[in-house]
Amino acid sequence: MAEEIITPIYCTGVSAQVQKHRAKELGLGRHENAIKYLGQNYDQLQAQCLQSGVLFRDEAFPPVPQSLGFKELGPNSSKTYGIKWKRPTELFSNPQFIVDGATRTDICQGALGDCWLLAAIACLTLNDTLLHRVVPHGQSFQNGYAGIFHFQLWQFGEWVDVVVDDLLPTKDGKLVFVHSAQGNEFWSALLEKAYAKVNGSYEALSGGSTSEGFEDFTGGVTEWYELRKAPSDLYHIILKALERGSLLGCSIDISSVLDMEAVTFKKLVKGHAYSVTGAKQVNYQGQMVSLIRMRNPWGEVEWTGAWSDGSSEWNNVDPYEREQLRVKMEDGEFWMSFRDFMREFTRLEICNLTPDALQSRKFRKWNTTLYEGTWRRGSTAGGCRNYPATFWVNPQFKIQLEEPDDPDDDYGGRESGCSFVLALMQKNRRRERRFGRDMETIGFAVYEVPRELVGQPAVHLKRDFFLANSSRARSEQFINLREVSTRFRLPPGEYVVVPSTFEPNKEGDFVLRFFSEKKAGTQELDDQIQANLPDEQVLSEQEIDETFKNLFRQLAGTDMEISVRELQTILNRIISKHKDLRTKGFSLESCRSMVNLMDRDGNGKLGLVEFNILWNRIRNYLSIFRKFDLDKSGSMSAYEMRMAIESAGFKLNKKLYELIITRYSEPDLAVDFDNFVCCLVRLETMFRECPILLPFSSSISHSSPTSWWEGRPQAHAMARARDARVSGVGRPAGLVPGPWGGRELWRGPQAAGRAAARLQQGHTGMLWGGGGEAGRGWSWPCVNVPLSSQPTSSFLEHTGFFKTLDTDLDGVVTFDLFKVGPPLAGG
């Protein structure tokens, strides 16, 4: 059986999540099967260049001013004046990729403030296996040279293969940024370029934490140690970490911006990232002294205190041992005593390749789980515990600690418990610097689940729980770093983790990683989509009271039906009498939506019975609106809206709340009464008329948020149809690469027949149809058609189902014809 080819699909939406989930299960994103960044295939591009005889030029990260930066290194900056992009073959007659293996002296900092990255690269050279995971073998400026190179980086849970050309920024014939001490070795400069590419520009790399580079080169997790309150066995921890290949970095905090890169009396640089490259105990005057080896990525400016290059302390060390240590001293690298290190430096970062407990006396394999999540204004960005009114809306994750650590572990006499590490990482923030955004201040809190809720379904915990319960543990601090991580040791039980930004309504995407030494369960908490609606009393014309009939006759006119414009006039007259409601009035689009949703006979207007149903619903919505407008502002805040929706009988998941706030709120996140009514009309109609779509959330497992879609072609195709929507009428949406088939946009009565014919040709999928002019109320059906089906009158059924899906009210719902292996099972 031929191996299935996995092609990345660059689109968004539920169907894209399904495709991504499938590919991930097949191993895409692991180091041995890295994702082709931006779809660029190194082998194919290299072969094309060799065949054509033209050196590669990367149009995805071209040699233009915008690739340098956006502000300090922007197109019109004086700092970029005179910069020219040149290939190493233009600078040297015999450039080399790597000479005699990669060493720490291959990395010297240039004019960019990315010492944190270079410190991480320097540590990478200490482990040949790690190095060649990032810098693949077989690249050179001689054999198979085509001006193209590639590197592999870990990005938020996935390994990506990044292609770059070898055009590098130069000034006066020298590299502007990172360079080797010898000058003619270019692997480090090209790696820096690959890192700049995934972050948007070179300038985006300015300033950062060494842990970022550590993790992007290894996929590991970083632990931080504040040296002022470090554990007593820290030196032992450092020795073990170096033995195991962990990457270590350190820095000296600054007290003000003026201290940045200030040089101390003994030549240490504040606010600057150093690599820790070794540790050794030596016999000095009959006593064992602990030493630590550091490297400044500048390649110069070294410590001048005790145990520095040429200091007198070396004269009292055994000559053989002295030569063993001093022979490896390079420019920028130096030794110092561990005591001086603790006094002079502020922070130590250790990136564990697997988060083996450094305090443990034996090597352990940890279990890992990764979740992706989002913070969105008004729906899932509730801020920290300081904001109790909104904190509860943040994403929530449950962990179940089952097995305590082994009793023979050395934990300094602490009580037994379950060890685990939580690491919260915000995504893609460097790329957004050019838009004025930077790292948010992030952290998390851990709550113990009360006994009465243990073992209960995965229900999102509400505000009352957090008002009544304090956190059991939390991240050491909220800080504006890419990642915050903390090691915990808690008794067996169930706990809820709440990751958040410090302030509410700060948007971002994040990755939450959970590492446990023993068996543990994890689950994302989210409400199951369901509705608890009372039976709706639908009265016949004879049963409707005369007072309402008289009102209807006055409003409807001679045709005894209410059109879209008439409904708009009626509702705006009524709402104008309620001065306590904030509204700009019902728009024509809103009224068209309500008519389409309530129009049961498909004539584009509301008859007496249909209008009676809508009227009763709006009266009910008005009472709910007033009840939950807690601050009496005349509008709903995003969080009041969430409670009002629940009061109306709906339980929605966080994704739907995000969509509702995005669709129905004003720029200040307030929901006016007219939008509130439109939202609830649509929700209620969907739940009452389209029950086949609604149980899907109850089947979603915590381990696979897309698993339900995999087995249900109706919902799966609906998602694909939504993703395939194109603007304009009758314009093809084009082809999608990979296993999906073509997408077409069809309109009008001929759509059903054409679609059925395509299905009979072997396409698997759902049919979605739309026709008529938007606003006239004529709608097209949507129905699941098996491959063997013939076009029948069933295509003309379920008009309400189509109207519910036609969210932009253009009378069109896209057909998405697709093939994904065997036909999807389920119903």
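Modeller: Helix α5, which spans residues 115–124, is mostly covered in this predicted model, with 10 of its 10 residues buried. The buried residues are C115, W116, L117, L118, A119, A120, I121, A122, C123 and L124. These buried residues of α5 pack against both helices and strands. The helices are α6 (128–134), α7 (187–198) and α8 (210–218), and the strands are β8 (247–251), β9 (274–284) and β10.

Strand β10 leads on to a glycine. G299 lies in the loop between β10 (287–295) and α10 (319–326). The relative accessible area of G299 is 7%, and because buried means under 20%, this residue counts as buried. G299 is also 7.5 Å from E333 in space, C-alpha to C-alpha, although the two are 34 residues apart in sequence.

The aromatic rings come next. The structure holds 39 aromatic pairs. One of them joins Y145 and F149, with 6.4 Å from centre to centre and 45° between the planes, a tilted arrangement. Y145 and F149 are both buried. These two residues also belong to a cluster, linked by ring pairs, that contains F92, F97, F141, Y145, F149, F151 and F186.

A further tilted pair is formed by F552 and F611, whose centres are 5.9 Å apart and whose planes make an angle of 45°. F552 lies in helix α13 (residues 546–556) and F611 in helix α16 (residues 608–628), so this pair ties together parts that are 59 residues apart in sequence. Both F552 and F611 are buried.

The axes of α14 (residues 564–576) and α15 (residues 588–598) come within 9 Å and cross at roughly 115°. The two helices are therefore roughly perpendicular. The crossing of α14 with α15 is right-handed. On the α14 side, the contact is made by V564, R565, L567, Q568 and L571. On the α15 side, the contributing residues are L588, C591, R592, M594 and V595.

To return to the part requested, helix α5 has 10 of its 10 residues buried, and its buried residues pack against α6, α7, α8, β8, β9 and β10.

Note on methods:
Residues numbered from 1 in each chain as written. Predicted model: local features only at pLDDT ≥ 70, side-chain atom pairs only at ≥ 80, totals over all residues. Heavy atoms only, no water. Phe/Tyr/Trp six-rings, centres within 6.5 Å; stacked < 30°, edge-to-face > 60°. Buried < 20%, exposed > 50% of the residue type's maximum accessible area, 1.4 Å probe, protein only. Helix = DSSP H or I, 4+ residues; strand = E, 2+ residues; numbered from the N terminus. Axes fitted to C-alpha atoms, helices over the stretch in contact; angles between N-to-C directions. Parallel < 35°, antiparallel > 145°, perpendicular 65-115°, else oblique. Left-handed = near helix turned anticlockwise from the far one by under 90°. Contact = heavy atoms within 4.5 Å.
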